[in-house]
Amino acid sequence: MSLQTSTTNACSATTGTAQVRRSQTAAGLVADAELPPGEHFIDGAFRPGTSGPVTEVIDPCTGEPVASVADGTVTEVDAAVAAALAAKEAWGRLVPKERSEVLHRIADRLAEHSDLLVRLESANTGKPLMVSEDDVAGTIDTFRFMAGALRATTSMAAGEYAQDHLSLILREPLGVVGVVTPWNYPLLMGAWKIAPILAAGNTLVIKPSEQTPLTTLKFAELVADLLPAGVFNVVTGRGSVVGQRLSEHPDVDMIALTGSVNSGRSVARGAAETLKRVHLELGGKAPVVVFDDADLAAAASSLRAAGYWNSGQECGAACRVLVHESVAAEFTELLVREVSTLVVGEPGAGADVEIGPLNSKGHYERVLGYLERAHAEGIRAAIGGAALEGPGYFVAPTVLVDVPDGAECSREEIFGPVVTVETFSDEAEAIARANEVPFGLAASVWTESGRRSHDVASRIDAGTVWVNAHLVLANEVPWGGFKGSGYGRDLSVYALDDYSRTKHVMHSRGR
């Protein structure tokens, strides 16, 4: 994930007043005929909801509805789980080559419709086109990687570990997996779950966020003829109904969620009754530790992307800078200069737009609440710090300075285009401060000392630690956190481990 550097100055470095670039055409990003059915996808076909109520899908650039989608109930969840249960044996017994070929065909189908998926994702979420393009490319690569990885899994060698007994280790599918995905990366986070779950031989029922269901439903429409009926199912609706039933359902063998800490707690509680496996990828508050020997210009340039990608609605965002006090003023000046060049606007306003709106009115108000409380506490916005004029849920790219240790804005996940800057005096303090938040998803260390980089990275409590970089991801390496950021791993062969079970078969061969 990376923002492209733009030469367009959409923000005044002196006043910090951003302007939202608006689309100059009345035509939307997608035509009505390109929208997916606003129904559930169960047992290989779309079907209407049984309850009648629907949820309006809102364009966050304008606050206006773009589609409506059925609200799921326990009835739809039970039907989808029954379909997945009926399909699991045949799908799980396919040899790896056969499942791999299906995943490759899915990747090919997505690539054929990548332009539509990009436009649909931006229309639903307000993402700049460059962000949606990155999401769709990552989605396709996720399926291609898992298609290869499932054919090359490894485990402990068969052997005689007890006298006259041969041990074999088998890797088996879990069965039916329930999936709950978030609103910030609807298609990409869906792929991070769907691809390894299918690759490992499982069937699934997925609940996309009720705010951003369109690309998940379009995915179902595009691949409907590639997967056997019942292998992949979508039930739209609210987490309190659909997600809760998935977590509690006795025929669901595992529940996998990417979302908030509160959502993770709710899912884990629901899963406890049936003792099903739980996979949680939750929030983050990534510390960016900048030492006095760091390349400050490179760090500031990197944070221009890593702190504000997807409007900061990114759990690994470089949102909490801890910079050595001797270089704090210089670094802050460089960072503010970088942030002042970010282009804010609607996705239809140009390919160089980098910052879009926040996803919903509720989240927009939540982020503004953090900024208002920070201001009341005497924390200063060196740039940004407020909502932007006009329709939609736009917040100016913000750098907060004069942030004391323990401030709310530096400890809680704001999940918006907001980066805080704190100072430290020595290495021990930097490490202690980096680890003091309840999250442990990601972090970065900036230093020219090789020894320091190895030592400090090993002492930071995070699932991913970058050195002189931030928010660089690849399908070959795992993604997941510690502490309040959850457990389980997305991406890489470790995801296949998460969605599989191992069985030991021992044969007596004494004669």
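This briefing covers the overall build of the protein and its salt bridges. The model is predicted: local features need pLDDT of at least 70, side-chain atom pairs count only at pLDDT 80 or more, and totals for chains, interfaces and linings use all residues. Residues are numbered from 1 along each chain as its sequence is written, and side-chain values use heavy atoms, with hydrogens and water left out.

**Overall build**

- The protein has 15 helices and 22 strands. Both are DSSP runs numbered from the N terminus (helices: H or I, at least four residues; strands: E, at least two).
- The C-alpha trace spans about 80 × 60 × 40 Å along its principal axes.
- Of the contacts with a separation of 6 or more, 75% join residues 24 or more positions apart. A contact means heavy atoms within 4.5 Å.

**Burial and surface**

- Buried residues make up 56% of the 511. Buried means under 20% relative accessible area, exposed over 50%, and partly exposed in between (1.4 Å probe, protein chains only).
- The accessible surface is about 19700 Å², and carbon and sulfur atoms hold 51% of it. Areas come from the Shrake-Rupley method with a 1.4 Å probe; for residues, only the protein chains shown count as cover.

**Salt bridges**

- The count is 35 salt bridges. Each is a side-chain nitrogen of Lys or Arg within 4 Å of a carboxyl oxygen of Asp or Glu.
- Arg304 and Glu354 pair at 2.8 Å, N to O. Arg304 is in helix 9 (residues 296–306), and Glu354 is in the loop between helix 10 (328–339) and helix 11 (361–376), 50 residues apart. Arg304 is buried because its relative accessibility is 2%. Glu354 is also buried, at 0%.
- Arg373 and Glu408 pair with their closest N and O atoms 2.9 Å apart. The bridge ties helix 11 to helix 12 (residues 408–411), across 35 residues of sequence. Arg373 is partly exposed at 37%. Glu408 is partly exposed at 22%.
- Arg452 and Glu427 meet at 3.2 Å, N to O. Arg452 is in helix 14 (residues 450–459) and Glu427 in helix 13 (residues 427–434), so the pair links parts 25 residues apart in sequence. Arg452 is partly exposed at 23%, and Glu427 is partly exposed at 25%.
- Shared partners join Asp292, Asp293, Glu427, Arg452, Asp455 and Arg459 into one salt-bridge network.
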